[in-house]
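Here is a short report on one model. Look at the sequence and the structure first, then read on.

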Amino acid sequence: MPEATAQAIVRLTAADLDTQLEAFAELLEACVVDGASIGFVLPFGREESRAFWRDAVRPAVAAGDRVLLAAYVEGRLAGTVQLVLGLPPNQPHRAEVTKLLVHPRMRRRGIARILMAALEREAAERGRRLITLDTRSDDAAEPLYASLGYAAAGRLPGWSVDPGDAAKFDSTTFMYKTL
Ligand SMILES: CC(C)(COP(=O)(O)OP(=O)(O)OC[C@H]1O[C@@H](n2cnc3c(N)ncnc32)[C@H](O)[C@@H]1OP(=O)(O)O)[C@@H](O)C(=O)NCCC(=O)NCCS
């Protein structure tokens with residue numbers, strides 16, 4: 001596997017996200033247009049993408065309810081992932097992975113793997129021992145998570161609409177790892 005060169009993983013503040021909003025919007029848009037099933041459907045444009053980061057992610061990062069990590073390759077945003085910490089009071093030991101995105105031009109260089117390693121360090125530092133996530137069944141992410149030690153709890157049929165076909169429903173696979 002070729003390693004990405006000159007890569008860095010950074011935890012971003014809400015102010016950092018403000019200054020990099022366009023790069024994040026471009027990354028999310030590129031992934032959705034490429035076919036990723038990550039909560040959105042086609043057509044999906046730049047303004048909808050900006051609105052996600054600005055209105056859904058930024059407030060949660062500012063409130064400390066989410067950790068936002070970014071991967072850079074040679075100074076350019078190449079990938080990102082979020083750790084959701086804002087969970088009910090009876091789950092202080094759990095955190096969720098969401099929006100693991102690697103730019104379609106930057107895949108299979110180990111970027112998702114290093115983002116997830118950094119995310120798990122962030123979780124462990126906060127005493128979060130149970131990491132959970134869900135991903136469209138049979139997507140590239142499923143073998144990725146499995147290779148990182150995430151176990152499949154099961155598949156839930158008909159969870160989401162296919163991003164490009166409103167008549168098609170996809171299963172999601174729930175996965176977890178104990179740190
Ligand atoms: C899933 C995703 C994040 C993987 O990013 P990536 O940086 O290409 O992944 P990595 O290079 O770190 O891959 C690590 C391992 O995961 C597995 N993997 C990654 N992509 C894979 C694919 N397309 N098919 C099969 N296995 C894959 C492999 O085991 C790989 O190791 P290898 O390259 O040594 O074989 C990327 O494809 C993506 O952004 N997809 C769209 C968004 C998405 O679906 N995110 C997940 C939401 S839950």
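Ala-71 has Gly-79 of strand 3 as its bridge partner. This is a predicted model: local features need pLDDT of at least 70, side-chain atom pairs count only at pLDDT 80 or more, and totals for chains, interfaces and linings use all residues. Residues are numbered from 1 along each chain as its sequence is written. Helices (H or I, at least four residues) and strands (E, at least two) are DSSP runs, numbered from the N terminus.

Two strands pair if DSSP finds at least two bridges between them. The pairings are as follows.

| Strands | Sense | Bridges |
|---|---|---|
| Strand 2 and strand 3 | antiparallel | eight bridges |
| Strand 3 and strand 4 | antiparallel | five bridges |

Two residues lie between strand 2 and strand 3 in their hairpin, where Glu-74 takes a positive phi near 50°. Val-84 has its bridge partner, Glu-96, in strand 4.

Now helix 3. A kink of about 25° lies at Ala-56, shortly before Pro-59. The bend at a residue is the angle between axes fitted to the seven residues ending there and the seven starting there. Buried residues of helix 3 include Phe-52 and Trp-53; buried means 20 or more other C-beta atoms within 10 Å of a residue's own, with C-beta atoms placed from the backbone. Just after helix 3, Gly-64 takes a positive phi of about 80°.

Last, the ligand. 21 residues surround the ligand, each with its C-beta atom, placed from the backbone, within 6 Å of it. Among the closest are Ala-36 and Arg-107. Helix 5 gives the most to this shell, with four residues.

Technical notes. Buried ≥ 20, exposed ≤ 12 C-beta atoms within 10 Å, placed from the backbone.
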